[in-house]
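Please read the following account alongside the sequence and the model.

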Amino acid sequence: MPPAAIDGALRAEYPFEARYLDVGAGRLHYLDEGPRGSDGGALLMLHGNPTWSFYYRSLIQALSPTHRCVVPDHLGCGLSDKPQDWRYDLAGHIANLERLVEALDLRRITLVLHDWGGPIGMGFARRHPERIARLVVMNTAAFPSARCPLRIRVCRTPGLGPFLVRRLNAFAGMAPRMAVAHRLSDTARRGLGLPYDSFAHRVAIARFVRDIPLTPAHPSYAEIEAIGAALPRFAGLPTCIVWGERDFCFTPAFREEWQRRFPAAEVHPLARAGHWLLEDAPSEVAAILRAFLDAHPLP
């Protein structure tokens with residue numbers, strides 16, 4: 001989907017310059033907004049499935065006046081290319097993130113993690129711990145878990161799952177109802193679904209669902225297991241956990257696991273927000289993160 005497709009009301013909510021990096025299998029789209037210091041510091045915001053950088057629009061507008069915000073679209077998502085024959089697995093997405101961080105020479109990174117952004121971001125952190133300065137964790141997991149709602153398990157069924165997700169748009173199409181506690185605006189609904197308007201453009205959505213590593217037999221299980229084992233080395237970093245408590249997928253049990261692993265983290269449960277907490281409570285989340293960043297300035 002070309003950036004020109006974002007016009008009118010969408011452009012008012014997403015007024016950012018499109019940038020691209022060639023990662024071999026295609027062009028990775030990313031945003032780079034806000035002041036650029038010589039220290040390479042940045043807020044690196046990583047989205048999940050089936051969202052894209054549009055999901056972070058309110059946070060970028062709130063924080064970019066004072067902080068550099070780098071927000072990629074994973075390959076196959078958003079304005080990034082959507083190759084039909086790429087690997088689409090956790091290790092591959094981590095490798096693409098490595099290419100972006102190295103190309104921009106990002107250091108002193110504050111990882112902002114949501115959904116699949118959690119394992120992808122912490123997978124990068126495991127490989128480059130020296131680049132990570134702070135963590136913001138929102139409705140995600142970066143450790144092994146067998147928890148998975150039935151509605152997502154159905155979308156993993158061989159044959160049936162890809163048909164539902166790609167042909168009938170049952171995943172991205174239903175998310176605007178399932179992932180929020182409040183009704184989305186028409187603009188938000190249209191923007192979030194805009195890149196996923198065809199069978200071909202939904203390839204990454206289906207492959208993300210298939211790549212959820214629920215058991216040790218899964219090809220990505222060893223990766224998520226290694227990521228989970230590496231989490232203790234980051235427990236001393238300033239960490240902020242913000243959680244939509246009405247999440248059907250990443251329930252409060254996942255928040256409690258993050259708290260167990262990061263006992264010094266500040267925690268903000270949002271009782272009236274769902275999985276897409278940046279849609280349900282954008283101003284509240286922005287205020288929490290602004291206070292967190294001010295309380296933990298980089299040296």
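**A walk through the model**

In helix H6, the residues Gly161, Leu164, Val165 and Arg166 are buried, where buried stands for under 20% relative accessible area, exposed for over 50%, and partly exposed for what lies in between, with a 1.4 Å probe and protein chains only. The model is a predicted one, in which local features need pLDDT of at least 70, side-chain atom pairs count only at pLDDT 80 or more, and totals for chains, interfaces and linings use all residues. Residues are numbered from 1 along each chain as its sequence is written, and side-chain values use heavy atoms, with hydrogens and water left out.

Helices, here and below, are DSSP runs (H or I, at least four residues), numbered from the N terminus. The buried residues of H6 pack against H5 and helix H9 (203-210); contact here means heavy atoms within 4.5 Å. Leu160 also has its place in helix H6, and it counts as partly exposed because its relative accessibility is 42%. Just after H6, Asn169 takes a positive phi of about 60 degrees.

Leu160 also belongs to a nonpolar patch on the surface, together with Leu150, Val154, Phe163 and Leu168, and the accessible area of these residues together is about 470 Å². Helix H5 (150-154) and helix H6 (160-167) are the elements that give two or more residues to this patch. Accessible areas come from the Shrake-Rupley method with a 1.4 Å probe, and for residues only the protein chains shown count as cover.

Next come the spaces in the protein. The largest pocket holds about 580 Å³ of space. Of the 34 residues that line this pocket, Trp116, Ile152, Ile212, Cys249 and Phe250 are the closest to its centre. H5, helix H7 (175-178) and H9 are the elements that give two or more residues to the lining. On a 1 Å grid over the protein atoms alone, a pocket is an open set of points with protein on both sides within 12 Å along at least five of seven lines, and lining residues have an atom within 4 Å of a point. Grid points are joined across faces, edges and corners, and a volume is the space filled by probe spheres set on the points.

Key:
Patch = residues over 30% accessible without salt bridge, like charges linked within 9 Å, V, L, I, M, F, W, Y side chains within 5 Å. Salt bridge = Lys/Arg side-chain N within 4 Å of Asp/Glu carboxyl O. 1 Å grid on protein atoms, 1.4 Å probe; cavity = no way out; pocket = protein on both sides within 12 Å on 5 of 7 lines; lining within 4 Å.
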